[in-house]
Amino acid sequence: MSLHPHIKPRFNGTQCVMLDVIIALVPVLFVACLAYGWLLLLQVGIALLSAVFTEWIFGRLLLRNWKSIFDGSAVVTALLLVCTLAPLTPWYVVAFGSFSAILFGKIIWGGLGKNRFNPALLGREFMSVFFASAMTSPDIWKANEWIVFKSSSFFSELVTDYGNNYLSGLLYKTSGAMGECSIAAILLGGLYLLFRNRISWHVPFALLTIFTVLLWVNGSDNLPFSIAGVLFGTLFMATDMPSSPTTAYGKYYYGTMIGVCVFLFIKGGVRFEYMSYAILLLNGFSENISQVFTPTVWGETLDWKKKTEAVLLLTLKILTVAAAVFSLHWHELTAYVVYIYIVYITLKFSFSFSKSLDNYV
Amino acid sequence: MLFIPSLKHKTKREPIQKLPDPKDFHLSLKAYRGTMQPLVHVGEKVLQYQTIAMNTGFAASQLHAPVSGIIKAIITEGNHSSIHLENDFEYQQIPLKSIQPNNLSLADFTDLLQEYGIEGAGGSRFPTQLKYKIQGSSIETLIFNGVECEPYLSADAILMKEQSAALLKTAKLIQDLTKAKQIVFVLEKQNKDVAQWLKTLSAKLHISIEIKLVADKYPQGGELQVIKAVTGLALKKGTIPAKHGILVNNVGTLWAIYKAVFDGIPYTERIVTVSGNKTMTQGNYLVKIGTPVSHILHETQNQFEPQKQSVILGGAMMGKLVSSPQEAVHKGSGGLLLLKKQNSKTFNCIKCGDCASVCPQHLMPLEFVRHQQSKAELTHFHLQDCIACGACAYVCPSEVPLMESIFNGLKSLSP
């Protein structure tokens, strides 16, 4: 390197970023392992193998670069995917999910960093579409007999039964997806990422604030959602760098809109996929958001009128698409979105992305 | 803006030592704009402080012999030329003019700055006289920039400590000349002690100054950033500060002005910090312009080994990589650093946005890489407002070639 700067911060490479995300997932995976033992390890193993193998083969075929298996992003995607799954998801479905996450979520966009959608969530959608019966079967959630560590009262001697249940539930519970066993573990991972500056606080802050406010405004009726699921999505999925906006104000807006969409989806009766829908939807607008929320250049004045109009239009667009997603979901047509996506992205790769592989952005 | 850890504290308290003069001087003919024309020929004997090269026009600059001796060669390599002057160690000077500082007019002063080769010592090498051609603008605030935000460097800090009386005296003179309302010295918080000292001394000398302390962040010392910190005005890049009643000079430049006005000595020496994570010894040295880096390293018990470590002339963030031992200190070099070589691996941009969040000019540097081919897009993303500070490239986890795109882009945008 002959151009300035001639120094770099320590522990700052892309591989370090990925390693930090893996470290942040350790508590979550550890608790999941306490709960599901071999079931979890098996799924992690399959997802990892499938992800790295896909990365190696298709990296070589499509990107002429198989060394991307060492950047760590395939590992992160596989782990994140497993965290969103039910404990008894069949192994071949997991392998397929991991495969599509890497191929259709990342490689076909041109590799690391160029993807617009969160690969893990995309992989999950692919699983739901192509293995609909397996993924919607209630059997994949019936893991009671497998659960290794059943106790869930940690505070019995301290407080009342209600308090005990509540506090224990924060630490450990065995319902929901495998990454959602412990709110405490999720928060710990999230705090680590924040502390290491691997995720920006703007997205979680905006998302959780608006979501809480909307719940409060909504009043007393109990909406069916999992706090752990929302938190996991907020801290690990919505903050995914490549698929979120690049500017500070963009990140606020992005977090806010995810919060709004999650609330709308939950309110509208989307039972399980409210978080993935909301994040994937806003992923699609990330670039657009970055362009609308460009920082005001030093010495320039902000044109409030123009900016406000742009933001309003963007919000309108996002809400329209949210409504579209909602109605597709209602009519069980989301599969077609995935089919269209596959055709579109394949064409896009052949005619456009494959020609700009050498550009770093 | 960002915080960069470095060894600054190690050299901050090292007193200025005079570096023994080398036998051979290599004086670069590169000027702020274009190349200076040599006024001497090979074999000619020159006296100390004699003008040996100059260029004219808008950004006129002059170069003076730092010692007396013989012109050995005028070397041109590629588009870079330099004069090789052999020191005869006799120090025969030209007769120095005695200047009456109190009788100077602003016009005399600007002429004098040009004649004595005063240039921006902070690294820009912008001819200082241009700043004082204020064409009737009334100056409110005189800012003396002691914010040495480059990691490792402490030349300005030590200068403000050891030469404070000289700096204050010159500041006062400039205030009288420009009729500025106030003098502000800007320093980093980490140099609070120096600030305190300046304050005490100024009271003693009956010179009224303001001190502004700013955060220890990079690139807080950029002219536009300093102006904002002092006056609250965010001036667009390319604005002439004098039009807003502001004049900014680096404290190194101020010292050069002192020497010119009070001692009659042209800009031929400056303070250079020798430091880095690969040096055996560190310190602040008084070095003559044109002293080759190999000589400085030798005299400070360091080695010139460009294949083993990065040798940097200037700061770690904006300095230039040195490959030839003859490359020499110029009027803008505040440091000579030996740094560990970077073996970086480039990945695709992961859109973390760190480059945008550290950019002092509030730009989105990743867009300059994405749109390197399109002038229209580069302009749309305000590449023209980039000050090339390198903060974005410093934080980038993927080692995306940001500076390469920025320099290529700036080149393609310049007419």
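Predicted model: local features only at pLDDT ≥ 70, side-chain atom pairs only at ≥ 80, totals over all residues.
## Where the two chains meet

Let's start with the contact between the chains. On one side, 39 residues of chain A take part, and they are in contact with 56 residues of chain B. The size of an interface is often given as the accessible area lost when the parts come together. Here, the area buried between chain A and chain B comes to about 4,200 Å². Carbon and sulfur atoms give 61% of that area.

How many salt bridges are there between chain A and chain B? The count is three. To look at a salt bridge up close, find Lys8(A) and Glu399(B): their closest N and O atoms are 3.7 Å apart.

Now over to chain B, where three strands form an open sheet in the order E3-E5-E6, with antiparallel pairing. Strand E3 (37–38) and E6 stand at the edges and have a single partner strand each, so one side of each is left without a neighbour in the sheet. E5(B) and E6(B) run antiparallel and are joined by four bridges. One pair to look for is Asn55(B) with its bridge partner in E6(B), Ser61(B).

Between strand E5 (51–55) and strand E6 (61–64) of chain B there is a loop, and Thr56(B) sits in it. Is Thr56(B) buried or exposed? Its relative accessibility is 66%, so Thr56(B) counts as exposed.

## A covered strand in chain B

Strand E12 (residues 246–250) of chain B is mostly covered, with five of its five residues buried. Follow the side chains along E12(B): Ile246(B), Val248(B) and Asn250(B) point one way, while Leu247(B) and Asn249(B) point the other way. Residues on both sides are buried.

Which way does E12(B) run relative to its partner, strand E9 (residues 141–145) of chain B: parallel or antiparallel? The two pair in the parallel sense, over five bridges. As an example, Phe144(B) has Asn249(B) as its bridge partner in E12(B).

Chain A has a nonpolar patch on its surface, covering about 490 Å². Its members are Phe130(A), Leu333(A), Tyr336(A), Tyr339(A) and Ile340(A). Helix H14 (residues 334–351) of chain A gives the most to this patch, with three residues. Phe130(A) belongs to helix H5 (residues 119–130) of chain A. Because its relative accessibility is 37%, Phe130(A) counts as partly exposed.

Ser243(A) has a relative accessible area of 0%, so it is buried. Leaving out residues up to four places away in sequence, Ser243(A) touches Asn115(A), Arg116(A), Phe117(A), Asn118(A), Tyr254(A), Asn283(A) and Ser286(A).

## Backbone details to look up

Two prolines come next. In chain A, His4(A) and Pro5(A) are joined by a cis peptide bond with omega about -5°. Pro5(A) is in the segment before helix H1 (14–36) of chain A. In chain B, a cis peptide bond links Tyr218(B) to Pro219(B), with omega about -10°. Pro219(B) is found in the loop between strand E11 (210–214) and helix H7 (223–231) of chain B.

Finally, look at phi. Arg64(A) is not a glycine, yet it has a positive phi of about 55°. This residue lies in the loop between helix H2 (38–63) and helix H3 (73–83) of chain A, and Arg64(A) is exposed because its relative accessible area is 62%. His382(B), also a residue other than glycine, has a positive phi near 65°. You'll find His382(B) in the loop between helix H12 (375–380) and helix H13 (391–395) of chain B. Why is His382(B) called buried? Its relative accessible area is 18%, and buried means under 20%.

How values were computed
Residues numbered from 1 in each chain as written. Chains lettered and ligands numbered in written order. Heavy atoms only, no water. Buried < 20%, exposed > 50% of the residue type's maximum accessible area, 1.4 Å probe, protein only. Pairing = 2+ DSSP bridges. Patch = residues over 30% accessible without salt bridge, like charges linked within 9 Å, V, L, I, M, F, W, Y side chains within 5 Å. Areas by Shrake-Rupley, 256 points an atom, 1.4 Å probe, with all protein chains shown as cover. Salt bridge = Lys/Arg side-chain N within 4 Å of Asp/Glu carboxyl O. Contact = heavy atoms within 4.5 Å. Buried area = accessible area lost by both parts, 1.4 Å probe.
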